[in-house]
Amino acid sequence: MSTFAQLGIRPEILSALGELGFETPTAVQAKAIPHLLTSERDAVALAQTGTGKTAAFGIPILERIDPAQRMVQALVLAPTRELCVQITKDLGRYASHLPGVKSVAVYGGANIRDQIRDIQRGANIVVATPGRLIDLIDRKAVDLSGIRIAVLDEADEMLNMGFQEDLTTILETTPKNKHTWLFSATMNSDVRRIAKNYMREADELSVGRANAAADDIKHQYTVIQVRDRYLALKRFVDAEPDLFAIVFCRTKQDTQEL
């Protein structure tokens, strides 16, 4: 079993990982980090949520950032504001011993002027949801001409959420000679189309089984009428008095009603 020290990572990042208690890389990290550090080709990686993929692409990004250049050098696209914030926090922790490296999260629902100021103060890495990044591009508030790396995280989810047109618009504003790294839990036809149209001779990294859930997650579902959802959920909760859970709803109104 490998260690982070065996993956070719610089000492400053290793020190940060050690302080976080990271010693042994996950499967996706062990496969992706050395490949992305050394290869000049694009890459497609199959990685389930919860397997450590942020470090898998985040550490190679940090290795390639030049803090002396106060410009956006790397772009990470993610489907939700929550994931944007989490990725940005993780990158900040990994870069705690890399002075001058700055990550900024941009997403809808937050003050766009504050986000523009954060970028203008010298962001090297922008982590964004597609819709908000389109707003910034339209305002000419972000310059993507110096992008060296573009990461599509949870690519299948972004496509499921209807961001295909936005992804196309964004990628067309970035340099053709950049590195593009695509991470996805599934490899459906839409994801493969994005890879074919916007990536150059991409290597496919086998870090998971296609369309398979993580091994340590069990899935159960029940099919019911819409009108019965609340009562069904109540019965599940009643049956498990010690249950701790997060309930995801489709709309804001559904959330408020539940």
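**View 1. Asp90 and Arg93 form a salt bridge in this predicted model.** Their closest N and O atoms are 2.5 Å apart. A salt bridge here is a side-chain nitrogen of Lys or Arg within 4 Å of a carboxyl oxygen of Asp or Glu. Asp90 and Arg93 are three residues apart in helix H4 (residues 81–94), so about one helical turn separates them. Helices (H or I, at least four residues) and strands (E, at least two) are DSSP runs, numbered from the N terminus. Asp90 is buried at 11% relative accessible area; Arg93 is partly exposed at 35%. Buried means under 20%, exposed over 50%, partly exposed in between (1.4 Å probe, protein chains only).

**View 2. Lys53 and Glu154 pair through their side chains in a salt bridge.** The N to O distance is 3.3 Å. Lys53 sits in helix H3, Glu154 in the loop between strand E5 (149–152) and helix H7 (155–160), so the bridge ties together parts 101 residues apart in sequence. Lys53 is buried at 7%, and Glu154 is buried at 8%.

**View 3. Asp42 forms a salt bridge with Arg200.** Their closest N and O atoms lie 3.8 Å apart. The partners are 158 residues apart and link distant parts of the chain. Asp42 is buried at 1%, whereas Arg200 is partly exposed at 37%.

**Notes.** Residues are numbered from 1 along each chain as its sequence is written; side-chain values use heavy atoms, without hydrogens and water. Local features need pLDDT of at least 70 and side-chain atom pairs 80 or more, while totals for chains, interfaces and linings use all residues.
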